[in-house]
Amino acid sequence: MIKFVLSRLLSAVPTLFLVSVAVFTLIRLIPGDPVALMLGDNVDPQVYAAMSHQLGLDRPIPVQFVLWLKSLLSGDLGRSITSDQEVLPLVLHRFAISAQLVLVAVTIATVFAVPLGMLAAWRQNSAFDLGVVVGGTILMSIPTFWMGLMMLLFFGLQLGWLPVLGYVSLGENFWDGAVYLLMPVATLVLHETGILVRMARASTLDVLRLDYVTHARAKGLSEGQVLRRHVARNAFGPTWTLLGLILGNLLGGVAVVETVFTIPGLGRLIVESIFGRDYPVLQGCLLFVAITYVVVNLIVDLCYPIFDPRVKSA
Amino acid sequence: MSIGKTNKYLGGLLVAFFLLAAFFGWVYTPFDPLAINLRAKLEAPGSGHLLGTDEYGRDVISRLLTAARTSVSISLLTVSFAVIFGTLLGSVSGYARGWVDRLVMLFTDTLLAFPSILLALALLSILGANMYGVVLALGLAYMPTVTRVVRGAVMSLREQQFIEASRLMGHPVHYTLWAHVVPNCLAPVIVIATSMFGSVLLTESALSFLGLGVPPPAPTWGNMLAGARPYMAQAPWLGIFPGLCIALTLLGINLFGDYVRDRFDPRMRGL
Amino acid sequence: MMLEMKPNLAILVALGGLCASTAVADTLNVQLSADIRSSRPGVNRDALSDSMALNVSEGLVAFGQRGNIVPMLAQEWTVAEDGKVYTFTLREGRTFHNGAPVTADLVKQSWEALLAAPKFNCASYFNGGRGAAVTSVEAPDDRTVVITLDKPNAMFLKYTAQSQCGGMAIMHPDSFDADGKWDHPVGTGPFVFGEWKRGQSLHLTKFADYVPLEGEIDGYAGRKEVLVDDINLVVTPDRATAVAALRSGDLDIVPFLSTSKASELSSDPAFKVQSAPHGGMITLLLQTADPVLSSPEMRLAIVKALDIPELVDVATHGLGVPNASLVPLGSIYHSKVQDERVSYAPDKVPALLKAAGYEGQELVIQTNRRNPINENVAVIAQAMLQMAGINTRIEVLEWATQLDRFRNGGFQMSAFNYSNRADPVLAYSAVVASKEDRGSAIWDDPKAIELVKEVLQTPDGDARQALFDQLHKLYLAQMPFVMLANNLDVSVSAAYVQNYTTWNGFARLWGVSLKK
């Protein structure tokens, strides 16, 4: 087991390297650079050259990469070009904010969606099933920025129940923080529930058709027992994979929701550093996101045999 | 009416409707979707313009029809790209395991870790600001999901007796893959692909919201929806109609997808 | 849509602690569309950073309301005969936020530190890159500062007062930490730099010991009386969210608003919408080095095909005022000559196109979605040009990309805005240059280059006016690009906010009060 985890982590090194190379090159190949953005329409070629030189941006890309890698290995991710903050604390701080939001939302969505999806599958073709399918589809059909804005207008403005903007971290003041997280979490929960409920229903349907379920039923087990003992565990496998993907995806930041609800999360940082061509921040963010992916997927794979006994444990 | 039939008819109807709209918009629109009429901006739905006009006085229904073609094409192309390459990579990787698996996963994980917004930005600047950049960016962004799901399904299929049997009977690997493995992991792929089809429409609108995506003036449902935000109070129809198009298409394609899945799933045959 | 304007008080009370962070009576909540880049004036800055800095810090002199130079920390100054030595006499009784008095020695230290800062944005204005170099800053006594230049420079004080140079703010050495690294601003302005949560909010608190000058509010100077205790600048990147927050009372002021939103809110009695042109320019740039656009007849045809008043009206939602001259409408140099323009004459276009040898080649208009005015200009201009038989296509680029193309001259046509320029000659020098020296040069003409050089060396007065008039006539004759209008400061504040205006791209927070 430990050997497996270690080898997985080790095998992630090439991924991280590849991600770094790709990000490093891509962001520099896209037209536009931080110095030009800083100078705006006040372009003096001498100032431009001097500033580029100072930031080391006038060197060839491979040289820049090697220098970055060197300082990375000594634990230094550099400093932001736009805000001059150290990258590592910045990324960790923003990640903590996004993670709070995402973990809470995905947990709630799973708690709702999985039982609903299974029940819908179990009662396939009933009115309940139709309701779940249509409801889930409609939920996932509404763009999050639209849903977020609707919530802002309704709960924040029309009813005046919740603050329209601002952010307080949960660590600072739990209740204040929770109030600010309410609408963004709800937006994410509704959207992800739509996706998960469909997956849970589909994979439960698959399992229900398998022989051993028929066998279990034939043995005279009650439907409840069949569902709990045989179906639930097995049907959760594919949903679990999807959950891992969703989680990995969302932990990389939920840029849209963060923008609408003015939450200073990782997603917004990534978008801002792309538009602002803040190379060190973007590199740091994406390296971090890649590490998160590796870890989340590792956990998903480690847990897979628990949910799907058909896969031999590694 | 059973849900199976509902799926078939309602889903099929909706999908057919929007495909037809896409085709129709290709052939005919009541107005030029790009023609500006500054004297008729933000007109409410009514006699002159069936679904009203936007902030430049462009006819909304003409834009919706044109957008249907672009949006449907983007979705179809993106999903085809993701499904074809994702299934290919996923089944090979899940079946072969070993270094092949590791190599494919290296590639997949790299893609997964990439924000699609950076990919879109890069590809749009290379391919020019048009729909193909978006397709390629989204295709690459969605492909890893297919790869991972297919790989997971194949890994679990691989342990089953009929695959073992095919192997023992001396069938070559590609035959086993093609004849036994791929058809048996179609179900999750179809579920994923159908939900993806709608999701692409959504992601395209999110990209537009963040300032990327298919650039205006060419309309897509996504950029129409994103562009309607400032006018939500003044001219709600600007957001409602493209929003409805996206939602209804999603509903249709998902319901229809469920039906197709039931038809395609080998275990369902003969039931 | 029926929307309640302010949160119901009963609900607020009922929810108790839930809304604890909403405004108390003397806090002004102001939108910041993106976080400031740094807290150091003139270093690693953008327009929003400048806007914060000008509330916190002050320089020796400052721009007054009409673009004239007025005293700030300096009470008066003299310029030596040779135009190279500036002697400033400091005002008495000014103190820094830490209580230390402003002395000539600290002014000297502050200037020297800023001039030596590696990322100083305005280095070229003071190192000889543009005009003269500062050779020394001396403090012969406590109240006298002497700045010596290597050659005369009529623009020196104007350069000093520019917002992108941080107004050459005088900062106390306590602004730096023990290692000599910048920490936080300790200035002399009416607001003290308070708690800054990066990416979230920034507080500016009232500087209790600030002594406002006599008279009226005057540009960056004049009477700076602070009528609130605390300013809370809230980072709110999304415009729709900001407007919703304004309606709910979470924000009191949105200093920079799109013209479309402004026109929508202006009919609502709960808000005060204000718009005024500043020195920035809304333009449609033409690449004169392009094979098609190098023909003056072609460029004239383009201008004659554009119904500019209509274009400006629609692009700015009725708030913009057309101006064909680079001299802003509000400037003392905007004479009658500056009002001359090329008139809209679509009937003359075919003949001009023929003379230019135009055969329907496609022209691409670059634009972006960051600035709705640019997008509007491109969309409307394209439609108008298309109608006149000029084949055009729009290319929407991400802002950094469009800026890169601008910097290298890599465009045919570009819907582009120039930011506020403190003096008309700075507007001219932004566009006039040799394309060989500077890729971003738009108007590459020896006569224009010569004229701009001359204006730069001419002190305020009639001679300067004559030069501006000559430049405008030359522009009309050559039509190197299309100047459409001055850019606008559009702000909206809640009806209970008194006396707020955004001035020349600057969110001026003194003199503002709350009357709830």
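User: Where does UniProt place the feature "transmembrane region" in chain A?
Analyst: The unreviewed UniProt entry puts it at residues 12-30, 97-120, 132-157, 177-197, 239-261 and 281-307 of chain A. UniProt positions follow the numbering used here, feature names are shortened, and annotations may be inferred rather than shown by experiment.

User: What am I looking at, and how is it numbered?
Analyst: This is a predicted model: local features need pLDDT of at least 70, side-chain atom pairs count only at pLDDT 80 or more, and totals for chains, interfaces and linings use all residues. Residues are numbered from 1 along each chain as its sequence is written, with chains lettered from A and ligands numbered from 1 in the order in which they are written.

User: How much of residues 12-30 of chain A is helix?
Analyst: That span is 95% helix and 0% strand, with its end C-alpha atoms 27 Å apart. Helices (H or I, at least four residues) and strands (E, at least two) are DSSP runs, numbered from the N terminus. Residues 97-120 of chain A are 100% helix and 0% strand, and their ends lie 35 Å apart.

User: And where are the regions in chain B?
Analyst: The unreviewed UniProt entry lists residues 9-28, 72-96, 103-126, 132-154, 175-202 and 237-260 of chain B. Residues 72-96 are 100% helix, with end C-alpha atoms 35 Å apart. Residues 132-154 of chain B are also 100% helix, and there the ends are 31 Å apart.

User: How many residues join chain A to chain B?
Analyst: 47 residues of chain A are in contact with 42 residues of chain B. Contact means that C-beta atoms, placed from the backbone, lie within 7 Å. Among the helices of chain A that each supply at least two residues are H1 (2-29), H8 (174-208) and H13 (279-307). By class, this side of chain A has 31 nonpolar, nine polar and seven charged residues. Nonpolar covers Ala, Val, Leu, Ile, Met, Phe, Trp, Tyr, Cys and Pro; charged covers Asp, Glu, Lys and Arg; the others, Gly among them, are polar.

User: Switching to chain C. What domains does the assignment give?
Analyst: Domain 1 is 9-252 + 496-514, and domain 2 is 278-488. Their C-alpha centres lie 32 Å apart. Twelve residues from domain 1 and 13 residues from domain 2 make the contact.

User: Which residues of H3(C) are buried?
Analyst: Ala104(C), Leu106(C), Val107(C), Ser110(C), Trp111(C) and Leu114(C). A residue is buried if 20 or more other C-beta atoms lie within 10 Å of its own, exposed if 12 or fewer, and partly exposed in between. Seen down the axis, the buried residues fall within an arc of 160°, so they line one face of H3(C). That arc is taken from the directions from the helix axis to the C-beta atoms.

User: What covers them?
Analyst: The cover includes strand S5 (85-90), strand S6 (134-141) and strand S7 (144-149) of chain C.

User: Last one. Is Thr249(B) buried or exposed?
Analyst: Buried, because 26 other C-beta atoms lie within 10 Å. Thr249(B) sits in helix H10 (residues 237-264) of chain B.

User: What does Thr249(B) touch?
Analyst: Not counting residues up to four places away in sequence, Thr249(B) touches Leu14(B), Phe18(B), Gly198(B) and Leu201(B).

Key. Domain bounds come from an automatic or database domain assignment. Two residues are in contact if their C-beta atoms, placed from the backbone, lie within 7 Å.
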